[in-house]
Amino acid sequence: MANTTNPGLRACTQGISIPGDTAHLPGDSSIWVFVIGEMVTFSCYFAAYLFDHRQLHDVFLQSQGYLSPNLGALNTLVLLTSSLFVALSVHATRAGDSGVAARFVGLGGACGAGFACIKGVEWHSELAKGFTLGTNKFFMHYYMLTGVHLFHVLLGLVFLGIMWRELSGPGSPRVRLVETGATYWHMVDFLWIIIFPLLYLLR
Amino acid sequence: MKGYFRSPLTYVWSLLSTITILSWWLGTRAGSHPSGLNAISAAAVVLIACVKSRLVIRNFMEVSRAPMWLRVTSDSWLALTFGMIASFYFLSR
């Protein structure tokens, strides 16, 4: 484990810049092309949802009342916590603490798996009440948005697995690979931050 | 491992968690009526989501230290997306 003489850990805990540290693009540039593409794609989903919300205000208002904002908020807290662990794993990787970084990635992955389980419970509850993809436009958007997002979470768990393997293996881990996986995971987090109020709170 | 939790990222996470709970409270308790959220609560929920997204992008994704083009792109996307959410939502009321 690194001590406070480690410049990477010192930079992490004190929020100071490492000498010579100017603008830095975390991860591979191709992940940023992907992230920006996903941001645009999800904006189109949000626009389609908002358009139908405006057209069918009463249907949406009534249907939103059947969702559980408590589970939505819990999932937000779980995903934020996973993002913290993954961000700390990047700092630990830079500081040369591969073992600690691997543990942070494991904790982040556990939170991600928790998110998927909570989503499963929520879907099961909605389906048990008889609300399916074909019930109305609101539930079509609900299952589509949360389903596409859940797919991204599951893909993110695969990336976290790759990061964990990289950090647990012999030799120095590739910092850029860890940064790339972390960037993807944080994208999954901030997309949920927008989906949560859209579906559950803004009635 | 504990040393890493003294990072500014932990404070960002605390803030994110606190305003998530505030947003949930506004959306379910304080401003909620059978006819929907009151306008002030709805505006606060949208603003909190915007602030949270930017905190994640700037701090966890480290865009605050990224090249200018990425900072401008992410801020422009946030402005457009939340501008769209606010205008659609409030026009439909």
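Which helix of chain A gives the most to the lining of the largest cavity? In this predicted model, helix 7 of chain A does so, with four residues.

View 1. The structure holds three cavities of 30 Å³ or more. The largest cavity has a volume of about 70 Å³, and the second largest cavity has a volume of about 50 Å³.

**View 2. Lining of the largest cavity, with residues from chains A and B.** From chain A, the residues that line the largest cavity are A:Pro26, A:Ala87, A:Val90, A:His91, A:Glu179, A:Ala182, A:Thr183 and A:His186, while chain B supplies B:Leu9, B:Phe60, B:Met61 and B:Glu62. Two or more residues of this lining come from each of helix 4 (69-94) and helix 7 (175-201) of chain A. Sorted by class, the lining of the largest cavity has seven nonpolar, three polar and two charged residues.

**View 3. Lining of the second largest cavity, again with residues from chains A and B.** Here the chain A residues are A:Trp32, A:Val35, A:Ile36, A:Met39 and A:Phe190, and those of chain B are B:Ile57, B:Met61, B:Val63, B:Leu70, B:Thr73 and B:Ser74. At least two residues of the lining are supplied by helix 2 (29-55) of chain A, and at least two by helix 3 (68-91) of chain B; helix 2 of chain A gives the most, with four residues. By class, the lining of the second largest cavity has nine nonpolar and two polar residues, with no charged residues.

How values were computed:
Residues numbered from 1 in each chain as written. Chains lettered and ligands numbered in written order. Predicted model: local features only at pLDDT ≥ 70, side-chain atom pairs only at ≥ 80, totals over all residues. Heavy atoms only, no water. 1 Å grid on protein atoms, 1.4 Å probe; cavity = no way out; pocket = protein on both sides within 12 Å on 5 of 7 lines; lining within 4 Å. Points joined across faces, edges and corners; volume = space filled by probe spheres on them. Nonpolar A, V, L, I, M, F, W, Y, C, P; charged D, E, K, R; others polar.
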